[in-house]
Amino acid sequence: SSGINAEYGGDCETVPTSTDATFKAVGVFPDGSEIVAVDSDGALWSTSRLFSPFTQDTSLPAGLSLTDVVVGPGDQLYAIDTTGTIWTRVGEAWTEVDVNGKHKSIAFTEDAALITLSQNNKLRKGESKELTSGKFDDIYLPYSLKYITVDKDLLIGVTESQRVVYKEGEEGDWVFAADNDCDLISITPINITSIPVSPPRVVDLTATETEVPHGSSVTLTCTVFGVPTPSTSIDLSPHEIEYEAVTTAKSVTSVVRIFRNVTESTQYECYTINDAGNDSSTIDIIVYVPLELIEHNPSTTEAYSSTARFVCTPNIDETEIEWFVNGESDQC
């Protein structure tokens with residue numbers, strides 16, 4: 001609900017978009033040549049590669065505000081505007097598609113049949129591959145949906161309460177998917193292996209803490225994307241490695257490295273490389289030494305008006321010391 005996520009095996013990875021726009025729908029061309037997205041203002045954005053910067057598409061007619069976008073048969077791009085009208089892009093020109101009704105979302109089956117979700121929550125499937133002709137059959141729908149998509153033989157929907165539901169085949173029952181941990185408002189299946197060779201990109205480099213006490217452990221996690229899967233490492237630095245784990249799922253690699261007994265502030269670097277290029281990112285870890293004061297008080301009670309000697313010894317050299325007497329600074 002705050003951007004674009006990629007889900008791999010149940011885990012959500014935020015896809016950087018290099019824009020402050022908030023996206024509500026996304027479409028992916030089967031060969032990975034273009035990824036398109038609709039932002040909260042109805043503008044269309046696109047990028048040529050996953051995890052690459054998005055740029056705003058200027059081909060939309062003035063005043064046209066979109067709510068959904070989908071890649072249809074023959075890699076044809078379709079979109080729905082706020083009035084429920086379906087549009088298609090041919091080259092750089094957009095034209096209306098005369099499909100009866102007002103729509104919230106559309107999807108296409110593997111055999112190129114059109115499925116429409118109307119604004120009054122009616123789900124229908126076309127018998128003909130011709131969008132503007134032929135009969136539409138109703139599909140039983142027990143939920144109020146705001147988005148639909150198709151993945152092979154699965155019809156998938158997102159409910160108004162942002163639950164993910166699906167049914168297998170025309171005769172299958174609707175089933176709730178697992179909890180929507182990714183906070184999805186729309187879904188687009190993508191075959192990650194169809195994406196062209198892509199230079200690696202450091203998606204995220206994080207630390208459990210960026211300021212740590214002297215002698216403690218530091219856990220760093222570096223997440224990268226690239227096709228083919230890049231080789232990724234976090235520099236050894238002068239510190240001892242306590243633990244390291246590397247996991248790869250669908251061309252996304254995560255490297256977790258724990259350094260123990262860290263005694264000095266260090267800039268760590270995550271470096272990733274494949275045949276298409278390389279990338280790196282750094283993070284600064286600040287090491288601080290907790291201040292300890294040792295106060296030596298007189299061992300005996302001194303007489304009134306006699307001199308008492310106090311010694312304050314900090315454990316860090318060049319520490320500024322200030323004395324207070326009865327809560328007030330004393331410079332004596």
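Four strands line up as an open sheet in the order S20-S26-S25-S22, with mixed pairing. Strands here are DSSP runs of E with at least two residues, helices are runs of H or I with at least four residues, and both are numbered from the N terminus. Two strands count as paired if DSSP finds at least two bridges between them. At the edges of the sheet sit strand S20 (211-213) and strand S22 (231-234), each pairing on one side only. Neighbouring strands of this sheet are turned by 25° against each other on average, direction ignored; the axes behind that angle are lines fitted to C-alpha atoms, for helices over the stretch in contact, and angles run from 0 to 180 degrees between N-to-C directions.

A quick word on the source: this is a predicted model, where local features need pLDDT of at least 70 and side-chain atom pairs count only at pLDDT 80 or more, while totals for chains, interfaces and linings use all residues. Residues are numbered from 1 along each chain as its sequence is written, and side-chain values use heavy atoms, with hydrogens and water left out.

| Strands | Bridges | One partner pair |
|---|---|---|
| S22 and S25 | 4 bridges | Ile234 and Cys270 |
| S3 (residues 23-28) and S4 | 5 bridges | Val26 and Ala37 |

The structure holds 1 disulfide, formed by Cys222 and Cys270 with their sulfur atoms 1.9 Å apart. Cys222 lies in strand S21 (residues 216-227) and Cys270 in strand S25 (residues 266-274), so the link ties together parts that are 48 residues apart in sequence. The torsion about the S-S bond is about -80°, so this disulfide is left-handed.

Are the two cysteines buried or exposed? Cys222 is buried, with a relative accessible area of 0%, and Cys270 is buried at 0% as well. Buried means under 20% relative accessible area, exposed over 50%, and partly exposed in between (1.4 Å probe, protein chains only).

Both cysteines turn up in the largest nonpolar core, which has 16 residues; those with the most contacts inside it are Leu220, Cys222, Ile234, Tyr268 and Cys270. Such a core is a set of buried Ala, Val, Leu, Ile, Met, Phe, Trp, Tyr and Cys residues joined through side-chain atoms within 4.5 Å. Strands S19 (198-207), S21, S24 (252-262), S25 and S26 (277-288) each supply at least two of its residues, and the largest share, 4 residues, comes from S21. Apart from this core lies another one of 14 residues, among them Leu60, Val71, Leu77 and Trp94.

Now for strand S4 (residues 35-39), where 5 of 5 residues are buried. Ile35, Ala37 and Asp39 point one way, Val36 and Val38 the other way, and all are buried. S4 and S5 form a hairpin with 4 residues between them, and Gly42 in the turn has a positive phi of about 85°.

As for the chain as a whole, it has 0 helices and 30 strands. Buried residues make up 40% of its 332 residues.

Key:
Disulfide = S-S within 2.5 Å.
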